[in-house]
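Visitor: Please show me the model, and then let us go through it by question and answer.

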2 protein chains.
Amino acid sequence: MPPRAQARRAEQLALLSELRHRRFTDPRMGELLEALPEPEVRETLGEVAAANVRETARSYRRATCLPSSFVAELTRVCAHAHEAWIEARKNADFAQFAPHLERIVALKREEADRVGFEDERYDALLDVYEPGARTREIAPMLASLRERLVPIVQRVADGTEAQDGAEDGRRWPVEQQKQLCRRVAAAMGFDFEAGRLDESAHPFCSGIDVGDVRLTTRYDERDAAGALFGVMHETGHGLYEQGLDPERFGTPAGEACSTGMHESQSRLWENQIGRSRPFWEHFFPILCATFPQASEGLDLESWVRRINRVRRSLIRVEADEVTYNLHILLRFELERDLLEQRLAVADLPAAWNAKMEAYLGLTPPDDAQGVLQDIHWSFGGFGYFPTYTLGNLYAAQIHDALRAAFPDLDDMLRHGRLLEIRDWLRDKIHRRGMVLRAPALLEEVTGAPPSAEPFLRYIERKVEALA
Amino acid sequence: MPPRAQARRAEQLALLSELRHRRFTDPRMGELLEALPEPEVRETLGEVAAANVRETARSYRRATCLPSSFVAELTRVCAHAHEAWIEARKNADFAQFAPHLERIVALKREEADRVGFEDERYDALLDVYEPGARTREIAPMLASLRERLVPIVQRVADGTEAQDGAEDGRRWPVEQQKQLCRRVAAAMGFDFEAGRLDESAHPFCSGIDVGDVRLTTRYDERDAAGALFGVMHETGHGLYEQGLDPERFGTPAGEACSTGMHESQSRLWENQIGRSRPFWEHFFPILCATFPQASEGLDLESWVRRINRVRRSLIRVEADEVTYNLHILLRFELERDLLEQRLAVADLPAAWNAKMEAYLGLTPPDDAQGVLQDIHWSFGGFGYFPTYTLGNLYAAQIHDALRAAFPDLDDMLRHGRLLEIRDWLRDKIHRRGMVLRAPALLEEVTGAPPSAEPFLRYIERKVEALA
């Protein structure tokens, strides 16, 4: 967006959010919801209708706690903050972003106070992304990760900070990367008649409708793995969106269960499947055929090691499976402190750097590679970060269930048979929409409530195997 | 857009158009407008406020003639028709598009009947793009073009059909084309802080706000002229959008006068300025320095001839200044006939081809290069085409006034001094918004009402000079 467009865009977004809020909070909606108590609906119409009532009532209750003018103001402030964050990051100058972040923290505190919470303000914000989740339930899981991951990092990680293989002089032509990415996404079952794969500065997946799912990635000639795992990640999200029930479009039962569950789908494909040896038994020869020059001297063994290397790193989005959740934990702790005013915005960069040293043994050389690296706080996304870790935990747990359902999973991977995996995920998770909340859905699929154990066992096994 | 996205997008567009229509046709708007008669407002608040009342009342009256459900249905039908047109053009198969076009013609007839008209249905549709214009006023101007242009084409045009120079084996590297295009747009005064220049399959200019004007073009390595004149054209539109009065944003006085007046700005820059010898006395050395290989053996004289070549051509958007308006005339006549049911959709391809033979001496080899080439009918844009020719006529007339205002205009061009031209256009035209309707604004700027004479004299002089 051109710089001079910023002010008008902020006003446009504010207006749209206000109009949307006004319509949704129409008192008639409240009357209808009151006439339809969830338990009665469940008895007469079943679980799908009951879930629609439950989730609409939740959203309605939340929306009616906030005046439309507050919604507009929050949108406006975040629109400006986002632009300021882009500049601040470019200049590695936290002071440019700080006044915006102060305003956002104040508004998010106000939002939490208006919406209400049991234990702490964070609950009211987490609930947006992970309906029904409570900070007291997820905090111990995240803490248990710290206890078991920090020692692993200290034992196995080397001190370099770079993306997989971006430094060894190999050149992976971008056109061939695009071919391979499309081939892998198609093998995973992504329907290109109902979606696209394009390029953007920051990869994303946007699900407009089951018939219109847009994925993006970015290509770097020095590193084929970055784009490829990025595409597997976004395709994981995209399969969720394409797998929603089209008959339920526009209702909660036709939407994804939670942000964490969404992330579980991207991480399962990217990591549990995409970084596994059996997967590459099929795709490594294809990789070599696609990049005859760049792949020279690589064998399956060295490739699998390469894509599973554990490193201390400054940047979350480039982090490996072991260190990733430490990046999240740090943010989760800091944003709780900001919301409860145990930490002032002015002290945030120092607090960030101290935690980076404690968890990862690194200190960012500047704030662009530290506290300014993520977009989330600039759009007011407090409560978002833990869903990344929930996604990782859910993914490991779902992966165990997948292996139980397909005892020959490794053989399927060795033969590139991925569609059965997509269909199983679609059946068990995607089509269920918001019928169950994330912990209940996970229990339905895996037989157990959410836990960090399957993930930690998966990591420990992997680190040992590659030691 | 992916194919399976089509149905939902049609519904989304229909809903948005319906909601917008409902808000705008709120009876309270009618009461306010009735309480504010234009003449009284003019006396008390001046011409700007009066224009706002006049144009809002015009839009309101039109909108209240149409039920919201009709607006939604028209939007829905056009959304599907647009997708069908893309496929039909790809397959050169008019039959794929015909049923959609029949539906659109029926709805546009209904729209005209609901809105009302004096002489013919076309008036009611033309008015959307050229407020206040009447078919009986513009038809004679277009007819006079046919009389004087057809003989010129018969005398000077050769029979080939191709873009400028795309066939001579020269290669113009795309990266350098991009540089030159940005340089020319910047020289014209386009503010890149308040706009962008990107690539797209079909070039356009979208003015979201004076601070956010997006231009696109497409590059072809075989032909530098296509992208460059495309960019000058879109930049002409973009300067209009950037030149609107920001204080009047959201009101008619802060919007462009008419579609024809908008086109005059793009065509003036593209043709009267961009294809002139003095302009190239400055830019030809820059072109040669940018493309040392491709420009080998070209001199100023041959370049100016090359970019002013007159050819019979099948495709409107590739047509030169002489033949362009014959392409428009043909469409104008056909769409009037369709609306009055003097022509059936089934007979349209034959009618198109007959007129092509009569005006341009060519018969399209298939419908993709004939009746299916333009997007306009697929989005229901009946009444749009003549504004292209009005733009050409206005441009020539404004160009005469510009020369009168700057007797040393050729010298300014020889020195690349384009900003004074932008400022003059901004002052005389862009800042005036919709304060005056197009014919009155043209008279204010040029001292004369709209006429085809200045354009025909300009063409005749140019053809003679290059003979």
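**Sheet, domains and chain contact**

Visitor: In what order do the three strands of the open sheet in chain B lie?
Guide: This is a predicted model. In chain B, three strands make up an open sheet with mixed pairing. Their order is β1-β3-β2.

Visitor: Which are the edge strands of chain B?
Guide: An edge strand pairs on one side only. Neighbouring strands of this sheet are turned by 15° against each other on average, direction ignored. The edge strands of chain B are β1 (195-199) and β2 (205-209).

Visitor: What is the bridge partner of B:Asp198 in β3(B)?
Guide: β1(B) pairs with β3 (residues 212-217) of chain B in the parallel sense, over five bridges. The partner of B:Asp198 in β3(B) is B:Thr216.

Visitor: How far apart are the C-alpha centres of domain 1 and domain 2 of chain A?
Guide: Chain A is divided into domain 1, residues 1-116, and domain 2, residues 123-467. The distance between their C-alpha centres is 26 Å.

Visitor: Which helix gives the most to the side of domain 1 of chain A that touches domain 2 of chain A?
Guide: The contact takes 28 residues from domain 1 of chain A and 24 residues from domain 2 of chain A. On the domain 1 side, α4 (47-64), α5 (68-91) and α6 (94-115) of chain A each supply at least two residues. That side divides into 16 nonpolar, four polar and eight charged residues. With twelve residues, the helix that gives the most is α6(A).

Visitor: Why are the two copies related as by a two-fold rotation axis?
Guide: Chain B can be laid on chain A with an RMSD of 0.0 Å, and the shift along the axis is 0.0 Å. The two copies are therefore related as by a two-fold rotation axis, the turn being 180°.

Visitor: In chain B, which residue has the C-alpha nearest the axis?
Guide: The same surface serves both copies, as 100% of the contact residues of chain B recur in chain A. In chain B, the C-alpha nearest the axis lies 5.6 Å from it and is that of B:Leu19.

Visitor: How many charged residues has the side of chain B that touches chain A?
Guide: The contact between the chains takes 16 residues from chain B and 16 residues from chain A. In chain B, α1 (6-24), β1 and β2 each supply at least two residues of that side. By class, eight of its residues are nonpolar and two are polar. The number of charged residues is six.

How values were computed: Residues numbered from 1 in each chain as written. Chains lettered and ligands numbered in written order. Predicted model: local features only at pLDDT ≥ 70, side-chain atom pairs only at ≥ 80, totals over all residues. Pairing = 2+ DSSP bridges. Helix = DSSP H or I, 4+ residues; strand = E, 2+ residues; numbered from the N terminus. Axes fitted to C-alpha atoms, helices over the stretch in contact; angles between N-to-C directions. Domains from an automatic or database assignment. Contact = placed C-beta atoms within 7 Å. Nonpolar A, V, L, I, M, F, W, Y, C, P; charged D, E, K, R; others polar. Least-squares fit on C-alpha atoms with pLDDT ≥ 70 in both.
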